[in-house]
Amino acid sequence: MKKLIVANFKMNTTPSEFKAYAMTLATKAKGSKNNIVVCPPYTHLCVAKEILSGSKVEYGAQNISDEENGALTGEISANMIKDLGAEYVIIGHSERRTKFKENDKLINRKIKTALANGLKVVLCVGESMQTRAAKQALTFVRKQLDDDLKGIYENELESVVIAYEPIWAIGSGKNVTSKDIQKMVEAIKKEIEYLYSDKASKKISIIYGGGVTLINYKKVLSLEFLNGALIGGTCLDVDDFTVIAKENY
Ligand code: PGA
């Protein structure tokens, strides 16, 4: 099955380092059956355009402003990244939600802005350990979806991928089981059915992120109810990332 493999560089690498990375990845990824997307820092997108245009590898950003333009020092808009050939944007990553205090209202506006500019959205949702311990994980994530997707039309969901990233598993993959992922995927599908339709719930793409490494990627990506993976730490080594991106699942 063809999977979506998304690399989240977070705030790592320089543009020069990324150039070498992108050249290697573009060459090595040839012939891969999967959809491969790299999301480096904004400063690398010019390099991505130069190296990855016309290759098998698509690229995107890790964030955008909710506004189109204006007096917003330091912000980057959807049409700026689109102009550089970005196809995707990650929205609502837990690091943005917790460290930068992004709430669901802002995330909802960012999704609308991204879609209005023709970008595909990787919407991250996921619960903290505390929420999980309180047995509220499914309810919490369903509420996130409810708020984040408010006012998004069913036909626009084609451009939205849901990334389930339990916060407690990011950077470690600690103790997350296939059963945990399956339960959450089912809850996400139920919520999409409730918010939209049975058809929408069957069509929605759901990927998993949080501690996917060379050790566990086969197990995660062979789960037939998952459409792919969002990979942080392990994506930084181009050889490791290529192994995951090239596999037939
Ligand atoms: P990780 O990060 O693969 O290092 O756990 C995933 C993410 O935060 O998107």
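Threonine 177 sits in the loop that runs between strand E6 (160-164) and H8. The model is predicted. Threonine 177 is partly exposed, because its relative accessible area is 35%, a value between the 20% and 50% cut-offs. Its C-alpha atom is 9.9 Å from that of lysine 219. Along the chain, threonine 177 and lysine 219 are 42 residues apart.

## Alanine 187 in H8

Alanine 187 belongs to helix H8. Its relative accessible area is 7%, so alanine 187 is buried; the cut-off for that class is under 20%. Beyond its neighbours within four places in sequence, alanine 187 contacts Leu138 and Arg142.

Glutamine 144 is 43 residues from alanine 187 in sequence. In space, the C-alpha atoms of alanine 187 and glutamine 144 are 12 Å apart.

## The nonpolar cores

In soluble globular proteins, nonpolar side chains tend to be buried together. Here the largest nonpolar core has 71 residues. Val38, Leu52, Leu123, Ile188 and Phe241 have the most contacts inside it. Helix H8 (residues 178-195) gives the most to this core, contributing six residues.

What does isoleucine 188 touch, not counting residues up to four places away in sequence? The list is Val125, Val141, Leu145, Ile162, Tyr164 and Ile206. Apart from the core of 71 residues lies another core, of twelve residues. Val37, Cys39, Cys124 and Val161 are among its members.

## The ligand shell

Which residues are around the ligand? They are Asn8, Lys10, His93, Glu165, Ile170, Gly171, Gly210, Gly211, Leu230, Ile231, Gly232 and Gly233. By class, this shell has seven polar, three nonpolar and two charged residues.

A polar side-chain atom of lysine 10 lies 2.7 Å from a ligand oxygen. A polar backbone atom of glycine 171 is 2.6 Å from an oxygen atom of the ligand. For glycine 232, a backbone N or O atom lies 2.8 Å from a ligand oxygen. On its own the ligand has 280 Å² of accessible area, and the protein covers 95% of it.

## The loop between E1 and H1

Lysine 10 lies in the loop between strand E1 (4-8) and helix H1 (15-28). Its phi is positive, about 55°, although lysine 10 is not a glycine. Most residues other than glycine have a negative phi.

Asparagine 12 is also placed in the loop between E1 and H1. With a relative accessible area of 32%, asparagine 12 is partly exposed. A polar atom of its side chain lies 2.9 Å from the backbone oxygen of phenylalanine 9. Leaving aside neighbours within four places in sequence, asparagine 12 is in contact with Pro41, His44 and Leu236. Cysteine 46 is 34 residues from asparagine 12 along the chain, and their C-alpha atoms are separated by 16 Å.

## Around helix H5

Lysine 101 is found in the loop between helix H4 (94-99) and H5. Its phi is near 55°, a positive value in a residue other than glycine. Is lysine 101 buried or exposed? Its relative accessible area is 66%, so lysine 101 is exposed; the cut-off is over 50%.

Asparagine 108 lies within helix H5 (residues 104-116). Its relative accessibility is 8%, so asparagine 108 counts as buried. Its contacts, leaving aside neighbours within four places in sequence, are with Asp147, Asp148, Leu149, Lys150 and Ile152.

Asparagine 117 is in the loop between H5 and strand E5 (120-125). At 16% relative accessibility, asparagine 117 counts as buried. Its side chain has a polar atom 2.8 Å from the backbone oxygen of threonine 113. Not counting residues up to four places away in sequence, asparagine 117 touches Glu68, Ala78, Asn79 and Lys82.

Technical notes. Residues are numbered from 1 along each chain as its sequence is written. This is a predicted model: local features need pLDDT of at least 70, side-chain atom pairs count only at pLDDT 80 or more; totals for chains, interfaces and linings use all residues. Side-chain values use heavy atoms; hydrogens and water are left out. A residue is near a molecule or strand if one of its heavy atoms lies within 4 Å of it. A polar contact is a pair of N or O atoms within 3.5 Å; within protein, one must be able to donate a hydrogen and the other to accept it, and residues adjacent in sequence count only if both atoms are side-chain atoms. Accessible areas come from the Shrake-Rupley method with a 1.4 Å probe; for residues, only the protein chains shown count as cover. Ala, Val, Leu, Ile, Met, Phe, Trp, Tyr, Cys and Pro count as nonpolar, Asp, Glu, Lys and Arg as charged, and the others, Gly among them, as polar. A nonpolar core is a set of buried Ala, Val, Leu, Ile, Met, Phe, Trp, Tyr and Cys residues joined through side-chain atoms within 4.5 Å. Buried means under 20% relative accessible area, exposed over 50%, partly exposed in between (1.4 Å probe, protein chains only). Helices (H or I, at least four residues) and strands (E, at least two) are DSSP runs, numbered from the N terminus. Contact means heavy atoms within 4.5 Å.
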